[in-house]
Amino acid sequence: MDVDEFIENPTLEVLEAATKSELINIVKGLNLAEVRLSLKKRKVRRAITQYYIVKNVFSAEVLENIPEKVPASGTAQLELEKLRLDVEQWKREHELQLKELEVKREQERAEKQREHEIQFKQLEAAEKERERAEKEKERAKKEREAENQRQHDLDMEKLRQVRRAQGSDREEWFKVSRKLRVVPPFEETDVDSYFLLFEKVAVNQKWPKEQWVALLQSVLKGKAQRAYAALSMEEEEVENYEKVKEGILRTYELVPEAYRQKFRNLKKGWNQTYSEFAYEKGVLLDRWCAAEMVEEDFWHLRELILIEEFRGCVSDDIQMYFNGKPNMSISEFARFADE
């Protein structure tokens with residue numbers, strides 16, 4: 001008997017003709033661990049038959065046709081009926097388990113589907129919120145740009161009104177555009193000297209002072225242009241040459257030591273008069289004093305000159321130590337030098 005062939009195509013005829021050893025090989029092939037190999041041949045055959053009844057290969061009635069050797073036919077009939085009831089109970093329990101398993105799987109599939117739908121809705125809501133935020137951001141940007149443009153237009157109109165209100169006979173003959181070619185180009189590297197040059201040209205050309213700002217702003221660039229743009233649109237700010245000059249110089253303001261060195265190292269140029277040289281020296285001294293916050297009194301000026309002279313009398317290492325300590329009096333300078 002070929003056990004593998006029987007397992008693939010089981011028949012009652014082959015099962016009835018099988019020996020006990022063949023039945024045991026069938027039990028092993030079917031992995032019926034609950035069947036003890038020490039059972040009698042008829043019980044082993046019944047276990048195999050019961051397996052195929054559960055698998056719906058054999059019908060339950062076949063057990064009645066299995067020849068058995070029992071002490072009494074009544075006992076065999078009772079045992080057969082019990083076996084049939086056991087098989088039916090097993091089938092009902094098995095079907096119930098299958099239904100429960102199917103219900104559980106269906107519930108899991110439905111739960112996963114709900115989770116996927118919730119995630120999709122959350123992603124969809126997040127995308128809509130992002131789009132709404134982008135649109136809100138773009139709308140706010142356009143509103144800011146429009147507001148800035150409106151403010152700029154108002155400022156320009158105010159400036160034009162101010163300039164129209166200042167109309168005079170001198171403005172009629174004076175044309176800024178005709179003088180632009182004479183205005184010296186702006187130099188960011190030496191702003192102090194540039195203003196000296198600009199004022200010299202303006203005086204020599206006999207430009208009206210109220211037009212100096214218009215000529216100056218035509219050549220401004222870099223930080224100077226930004227400083228001019230930052231001035232208030234009030235007439236006293238944008239039309240006052242001294243205030244414009246002060247605002248630009250404040251933007252390029254150097255540390256006190258730089259102004260001191262420029263003042264000390266300035267030499268007369270070959271194309272300068274002594275009057276021009278003296279004026280430039282005075283401007284640099286004023287810038288140095290302003291950077292040192294020297295007020296217009298003798299005591300502060302005295303301190304400034306004494307400290308500079310004292311620094312020239314100490315060693316280089318002490319000078320380097322005190323370079324980063326501004327606003328120190330001569331007495332404090334001397335005490336720390338001693339220490």
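Mentor: Let's start with handedness: a crossing is left-handed if the near helix is turned anticlockwise from the far one by less than a right angle, and right-handed if clockwise. What you have on screen is a predicted model, in which local features need pLDDT of at least 70 and side-chain atom pairs count only at pLDDT 80 or more, while totals for chains, interfaces and linings use all residues. Residues are numbered from 1 along each chain as its sequence is written, and side-chain values use heavy atoms, with hydrogens and water left out.

Trainee: Okay. How many helices and strands does the protein have?

Mentor: The protein has 17 helices and zero strands.

Trainee: Now a single helix. Which residues of α10 are buried?

Mentor: First, the general idea: an α-helix has 3.6 residues a turn, so residues three or four places apart point the same way. In α10, residues 222-229, the buried ones are A224, A227 and Y228. Looking down the axis of α10, they fall within an arc of 100 degrees, so they line one face of the helix. That arc is taken from the directions from the helix axis to the C-beta atoms. R226 and A229 are exposed, on the face turned away from the buried side.

Trainee: What do the buried residues of α3 pack against?

Mentor: They pack against α1 (3-8), α2 (12-17) and α4 (41-54). Helix α3 spans residues 20-30, and its buried residues are E22, L23, I24, I26, V27 and L30. Just after α3 comes N31, with a positive phi of about 60 degrees.

Trainee: Where is K206 found?

Mentor: It's another one for your phi list. Most residues other than glycine have a negative phi. K206 is a non-glycine residue with a positive phi, near 60 degrees. K206 lies in the loop between α8 (191-204) and α9 (212-217), and is exposed at 68% relative accessible area.

Trainee: On to pairs. How do the axes of α13 and α14 cross?

Mentor: Two packed helices are described by the angle between their axes and the distance between the axes. For α13 (residues 256-265) and α14 (residues 274-291), the axes come within 8 Å and cross at roughly 160 degrees. Axes are lines fitted to C-alpha atoms, for helices over the stretch in contact, and angles run from 0 to 180 degrees between N-to-C directions. That makes α13 roughly antiparallel to α14. The cut-offs: under 35 degrees is roughly parallel, over 145 roughly antiparallel, 65 to 115 roughly perpendicular, and the rest oblique. The crossing is left-handed. P256, Y259, R260, K262, F263 and R264 of α13 meet K281, L284, L285, R287, W288 and A291 of α14. By class, this contact has seven nonpolar, no polar and five charged residues. Here Ala, Val, Leu, Ile, Met, Phe, Trp, Tyr, Cys and Pro count as nonpolar, Asp, Glu, Lys and Arg as charged, and the others, Gly among them, as polar.

Trainee: And how does α8 pass α14?

Mentor: In a right-handed crossing. The axes of α8 and α14 come within 11 Å at roughly 135 degrees, and the two helices are therefore oblique to each other. D192, S193, L196, E199 and K200 of α8 contact E276, Y279, E280, V283, L284 and R287 of α14. That divides into four nonpolar, one polar and six charged residues.

Trainee: What about α8 with α12 – how do the axes cross?

Mentor: At roughly 160 degrees, coming within 11 Å, with α12 covering residues 241-251. They are therefore roughly antiparallel, and α8 passes α12 in a right-handed crossing. The contact involves V191, D192, F195, F198 and E199 of α8 with Y241, K245, I248 and L249 of α12.

Trainee: Last one: is E199 buried or exposed?

Mentor: Buried, with a relative accessible area of 11%. Leaving out residues up to four places away in sequence, E199 touches W212, Y241, K245 and Y279.

Conventions: Buried means under 20% relative accessible area, exposed over 50%, partly exposed in between (1.4 Å probe, protein chains only). Helices (H or I, at least four residues) and strands (E, at least two) are DSSP runs, numbered from the N terminus. Contact means heavy atoms within 4.5 Å.
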